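Morning, everyone. I have one structure to go through today, and I will keep to a few places in it. Please have the sequence and the model open while I talk.

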Amino acid sequence: MIYLVIPTLIWAFSFGLIGNALKGLNPLQIADTRLLLALIAFLPFIKLGNTNGKEKWQLILLGALQYGVMYTCYLSAFRYLPSHLVALFSVLTPLYIVIINDLRQRSFTPWYLVATILSVFGAAIIKMGNIDSNEIWLGFGLMQVANLAFAFGQVYYRDWKKSRTHINDSSIFGFLYLGAAIFTTIATLLISQQPPIPLNATPTQWFVLVYMGFIASGLCFFFWNKGGTQTSVGVLATFNNAVVPLAMFASLFIFGEAKGGTPEEMLRLAIGSLLIVSALLIAKRK
């Protein structure tokens, strides 16, 4: 379980760092730089003989989805939302993990649909006075695509690895980062039409990028997926949600996003957050 605890604590500060220290940089450049650094960190550990050609492609495509698609949407959401709302809107990832796992096991319950609808109402209430309604829904939508990609990747890797216990995680994880880096590089060139590396970053921003590339992305994603293979789906889903209150607290009070908020805005945030968390509790009970 330690493999899930360490990333949870580190990721709690990632939302605030991205929304504040990296503010002004192109989100696709941030995503690509982080994943390229993660790939560099794990290239020395790759063992080509551990997997066949089909398995290598499965891991590359999985990385493109779990990290490439997720980062592209997740980091783009910071254009429309403050970091504490980005953290809040990631709360549905555990729900998606349970739904995806149940669908793979050919079982389902309508209570998951109820929980999803309730979470959307929570997002509607959160609409704060200084955020355009179109922007908050666009940011919410981007986060749900990111949540789905990250959730599917966790469940798929868990199943894939548990059927191949003879393979060491570190010897194959570079393939996931390879797929992710390829996806974000192509997305950066095609969508933003800018170079993958943010040359306009300040020294402080480069320090944060290096830290997030090697630690928050490279090491933590490896720990997270490895930890997921050693726990139940329920525990994995619960740890996905544990980072949300920690991240919101860090963004609001450590990075100062609570300053300037009116009582009405803070009340909306509290009520909406309660509805979204209630949605997760409904799904968990059922």
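Predicted model: local features only at pLDDT ≥ 70, side-chain atom pairs only at ≥ 80, totals over all residues.

Is N240 buried or exposed? Its relative accessible area is 6%, and the cut-off for buried is under 20%, so N240 counts as buried.

What does N240 touch, if we leave out residues up to four places away in sequence? The list is T93, P94, I97, F150, Q154 and W224. Take I97 from that list. Between N240 and I97 there are 143 residues of sequence separation, yet their C-alpha atoms are 9.1 Å apart in space.

That brings me to the chain as a whole. Among its contacts between residues at least 6 apart in sequence, 88% join residues at least 24 apart. The chain has 286 residues, and 55% of them count as buried.

Next, helix 2, residues 14-21. Here 6 of the 8 residues are buried, so helix 2 is largely enclosed by the rest of the structure. The buried ones are S14, F15, G16, L17, I18 and G19.

Now a helix pair. Two packed helices are described by the angle between their axes and the distance between the axes. Helix 4, residues 53-76, packs against helix 9, residues 173-192, at about 50 degrees, and the axes are 6 Å apart. At that angle, helix 4 and helix 9 are therefore oblique to each other. Their crossing is right-handed.

Which residues make this contact? On the helix 4 side they are K56, L59, I60, L62, G63, A64, Q66, Y67, G68, V69 and T72. On the helix 9 side they are F173, F175, L176, Y177, L178, G179, A180, F183, T184 and A187. By type, the residues of this contact come out as 14 nonpolar, 6 polar and 1 charged.

Last item, the aromatic residues. How many aromatic pairs does the structure hold? The count is 22. One of them is F222 with F223, a tilted pair with 6.0 Å from centre to centre and 40 degrees between the planes. Both F222 and F223 are buried.

That is the end of my list.

Definitions and conventions: Residues numbered from 1 in each chain as written. Heavy atoms only, no water. Axes fitted to C-alpha atoms, helices over the stretch in contact; angles between N-to-C directions. Helix = DSSP H or I, 4+ residues; strand = E, 2+ residues; numbered from the N terminus. Parallel < 35°, antiparallel > 145°, perpendicular 65-115°, else oblique. Left-handed = near helix turned anticlockwise from the far one by under 90°. Contact = heavy atoms within 4.5 Å. Nonpolar A, V, L, I, M, F, W, Y, C, P; charged D, E, K, R; others polar. Phe/Tyr/Trp six-rings, centres within 6.5 Å; stacked < 30°, edge-to-face > 60°. Buried < 20%, exposed > 50% of the residue type's maximum accessible area, 1.4 Å probe, protein only.
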